[in-house]
Amino acid sequence: MGNTRVDLNADVGEGMPAEHERALLRLMSSANIACGGHAGDIATMRRTLEIARELGLRVGAHPSYPDRANFGRVTMAIGHQALVDSVGEQIASLQEAALQAGNSVAYFKPHGALYNDAAVNDRVAAAVFEVARLVGLPVMMLAGAPAPARVRDGIDTLHEGFLDRGYRPDGTLIPRHEPGALLTSPEEAVAQALRLAASVDSLCVHSDSPAAVNLARRVREALEEAGYEVAP
């Protein structure tokens with residue numbers, strides 16, 4: 001077996017009930033916290049940071065295209081500098097809240113359309129990596145994505161897989177509006193997680209996925225039974 005340690009992360013602070021997010025985060029080792037671009041505000045950031053601190057989780061920022069109306073799931077026509085500024089400001093807002101909460105931000109992971117665009121579009125990936133240089137953080141991106149490999153320019157990258165999303169043959173994610181985009185069966189999620197675990201740094205479950213807590217619990221149990229340590 002390759003990796004014997006794998007991180008479990010969840011995208012949180014996006015408007016789901018606090019009790020649900022706490023139950024999900026109990027099964028995670030990292031929390032990606034929305035910081036205003038697609039969801040979240042200072043109150044949700046502080047609340048989620050407190051849960052992460054209480055549970056001893058690594059914290060990542062979860063910035064997006066500045067598009068709350070579409071929950072960051074639609075590609076935006078936005079200039080390079082405007083995108084760099086927006087993403088940088090989102091991360092900075094979480095860093096400030098984390099400092100006040102006695103926590104720190106260890107990495108950032110783009111959300112939604114920004115994440116998917118950065119996987120295949122050199123221009124978007126270059127903007128994301130420019131932000132990484134400016135804020136001095138690694139960036140979590142889709143494992144095997146072609147654009148980051150072309151333009152990463154020495155930036156540390158955390159390679160991510162998904163236990164609750166369907167994949168295309170080229171390794172990119174099936175768009176959410178297409179059949180097969182979401183995995184809701186625990187058996188499917190477990191099989192996918194075990195298939196990916198040896199070749200990624202982190203596995204993600206979305207807090208708004210159907211039965212997210214049950215999927216995460218089943219996957220964590222299967223990973224540990226297979227000999228993996230769930231940790232950053």
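User: How many disulfides does the structure hold?

Analyst: A disulfide is a covalent bond between the sulfur atoms of two cysteines. Counting a pair of cysteine sulfur atoms within 2.5 Å as a disulfide, the structure holds zero. This is a predicted model, where local features need pLDDT of at least 70 and side-chain atom pairs count only at pLDDT 80 or more, while totals for chains, interfaces and linings use all residues. Residues are numbered from 1 along each chain as its sequence is written, and side-chain values use heavy atoms, with hydrogens and water left out.

User: Which residues touch the most other members of the largest nonpolar core?

Analyst: In soluble globular proteins, nonpolar side chains tend to be buried together. A nonpolar core here is a set of buried Ala, Val, Leu, Ile, Met, Phe, Trp, Tyr and Cys residues joined through side-chain atoms within 4.5 Å. The largest has 60 residues, and Met-28, Leu-94, Phe-108, Leu-203 and Leu-223 touch the most other members. A second, separate core of seven residues includes Tyr-115 and Phe-162.

User: What is Phe-108 in contact with, leaving aside neighbours within four places in sequence?

Analyst: Contact means heavy atoms within 4.5 Å. The partners of Phe-108 include Ala-61, Val-87, Ile-91, Val-128 and Met-140.

Definitions and conventions
Buried means under 20% relative accessible area, exposed over 50%, partly exposed in between (1.4 Å probe, protein chains only).
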